[in-house]
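Grab a pencil and work through these exercises with the structure open beside you. Try each task before you read its solution.

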Amino acid sequence: MDPVARVAGRAIPFGAKNVDTDIIIPAKWLKTISREGLGEGAFETIRAQEGNVFDDPAYAGAPILIAGDNFGCGSSREHAAWAILDLGIRAVIAPSYSDIFSGNAVKNGILPIVLPQEAIDRLMEVAQQGEQIDVDLETQSVTTPFQDRFTFDIDPFRKHCLLNGLDEVALTLARQTEIQAYESQRAKTRGWLTPKTGNITETHA
Amino acid sequence: MASKPRTLYEKIWDDHVVETRDDGTSLIYIDRHLVHEVTSPQAFDALRLAGRPVRRPELTLAVPDHNLPTTARRDASGGKIPIADPQSAAQLAALEKNAPEFGIRYIGDADAEQGIVHVVGPEQGFSLPGTTIVCGDSHTASHGGLGALAFGIGTSEVEHVLATQTLLLQKSKSMEIKVEGQLGPGVTAKDLILHIIGVIGAAGGTGYVIEYRGPVFEQMSVEQRLTVCNMSIEAGARAGLIAPDDVVFNYLKGRPMAPQGADWDEALAYWRTLHSDPGAEFDKSVVIAAGDVEPTVTWGTSPEDVVAIGGAVPSPDSFADESKRVAAQKSLDYMGLAAGTPMTQVPIENVFIGSCTNSRIEDLRSAAEVLKGRKKASNVRWAIVVPGSGLVKMQAEEEGLDRIFTDAGFEWREPGCSACLGMNPDKVPAGERCASTSNRNFVGRQGPGARTHLLSPAMAAAAAVKGHLADVRELT
């Protein structure tokens, strides 16, 4: 993934609560075997409505999305993160996220910023005025041209990965010794965990 | 020094820590990985691109389920019937190719063992108590019914598990949901979990692993426990689990991939230690009175929008919170419902019995019991039963359940995820209602514009007979 330290620009004042990943990207778009091009299907049912914020020219190309509580709930589909990224969004600001979505976001270089509802309400106003919002991961702060400044918490490991664009798989593969040590211990104390023979019938026509 | 009492979650967590880092994240070993065709192609591609092998292929099981049509898959001479949708076909073909390429066991689309991954795992004895189980699917929480720590992951994590057999995780908080008393007659595991989600909310479990406790769960069969744990994610929880006991051990003994002989004895001794110690502390505790639970249905577009079947569509004004009022009004508009309408007056055009929540043999028996000697109402246009696996289907046919369903006007289908999310051709038309035993009533979930009412298999059968949502207790 690409490193991300700061995301600044206009924000889409979406604000809806309990937005599930079926809304972010409906099931028919999950049939792809690629990560690319999912922006076309992003928020499809909402974008079918006239006057929706996603197709409002005032927010064209905005890199920030402002949402309500429990954003990204439901299905684990990482396609939701890929779709948002494909729309050009690199930061989401909401009071809370589903556990799986926030993990998926981070792994794709999208900042899932958590701020309280009062801050969200204020940022919605700023976004609706078409003013720029500035998200700084290094200082863990969100600022506006009106001197608003909100600070946010983020897991230090996630911050480190985002700032450096780290490949988590490569990081873990570097822990081979530890994994092997665990595996030998596991084989000794809980050998039954390793499936012995394949008893299930295999009749692939 | 006596060790501190631990919760079941803490015990499983502790036994899977490879290492804990200074920043508090832990590298957690994964015992079992289920793979299906939708969330894995990009992960296998990434491995290929980086030249990385699968670390422990024998700990992974691949089964196609989401895209498969539920109509016949083989012609009279045993040849594959081509899948009409080229994208679905390509995704299925990718799994069929990726699994053997990476040395992973693959259960094919026409094998008797094929089915929904969350039905297949327990059925084959692949899913076991005290194990960590993951899958690129949020309903992996199901396997918690066996006393496993099981949760859904994204595709990047699927890649991570394939390459390293581990995940980097922050420990979740723990929540105890204690159900006191007994469920009334006609009230099922599905009604209970819908009720629980109504109480704690769709985000009530975010950041938590839930342990369901109380005599109600001890008396449940394994299949009922799988139903409860399955919908933990609908309350936002990372996972849900129930302490394993003899009911679970008896269920698993002799299953094809379960430990055998001396291995079984060793496993059993370990499994018997898997329960929260007396005095173990939970970060949050919720108490539910079983006697309060009625046969339950959903009225809106979030699984928290539940109401007892004897109740009515709520008025948006009845919600204290402004944003909830707005959301409720939107839901009612989408669902085409007016506040105050008794739920039993909501007409139904489609009935879906299936999904990883309710497609096991006991679910089918429970629906068939209501349907026996009855027919679906004339306004019910489409009613289908989709067994959770080929083995469930065979068992049901042995018991004659298929005949009860077809005599009642249902279609008897091949196993898969089907109309739960309509990635295959099984969809509910826009503007029509579906009484569905699945797990999500989200906008557009069963097809664009489709209106979903979640309920138990017995309640789905009652709705089919009556042609509207109905109280199953009045039919039996």
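Helices (H or I, at least four residues) and strands (E, at least two) are DSSP runs, numbered from the N terminus. Keep in mind that this is a predicted model.

**Exercise 1.** Find where A:N70 sits, and decide whether A:N70 is buried or exposed.

*Solution.* Start with the place: A:N70 is in the loop between β3 (64-66) and α3 (79-86) of chain A. Next, check the backbone: phi of A:N70 is near 60°, a positive value in a residue other than glycine. Most residues other than glycine have a negative phi. Now count neighbours. A residue is buried if 20 or more other C-beta atoms lie within 10 Å of its own. A:N70 has 25 other C-beta atoms within 10 Å, so A:N70 is buried.

**Exercise 2.** Work out the strand order of the open sheet of four strands in chain B.

*Solution.* The order reads β11-β10-β9-β12, with parallel pairing. At the edges you'll find β11 (239-241) and β12 (284-289) of chain B, each pairing on one side only. Then zoom in on one pair: β9 (residues 173-180) and β10 (residues 208-213) of chain B run parallel over six bridges. Here B:E176 stands opposite B:E211 in β10(B).

Conventions. Residues are numbered from 1 along each chain as its sequence is written. Chains are lettered from A and ligands numbered from 1 in the order in which they are written. This is a predicted model: local features need pLDDT of at least 70, side-chain atom pairs count only at pLDDT 80 or more; totals for chains, interfaces and linings use all residues. Two strands pair if DSSP finds at least two bridges between them. A residue is buried if 20 or more other C-beta atoms lie within 10 Å of its own, exposed if 12 or fewer, and partly exposed in between; C-beta atoms are placed from the backbone.
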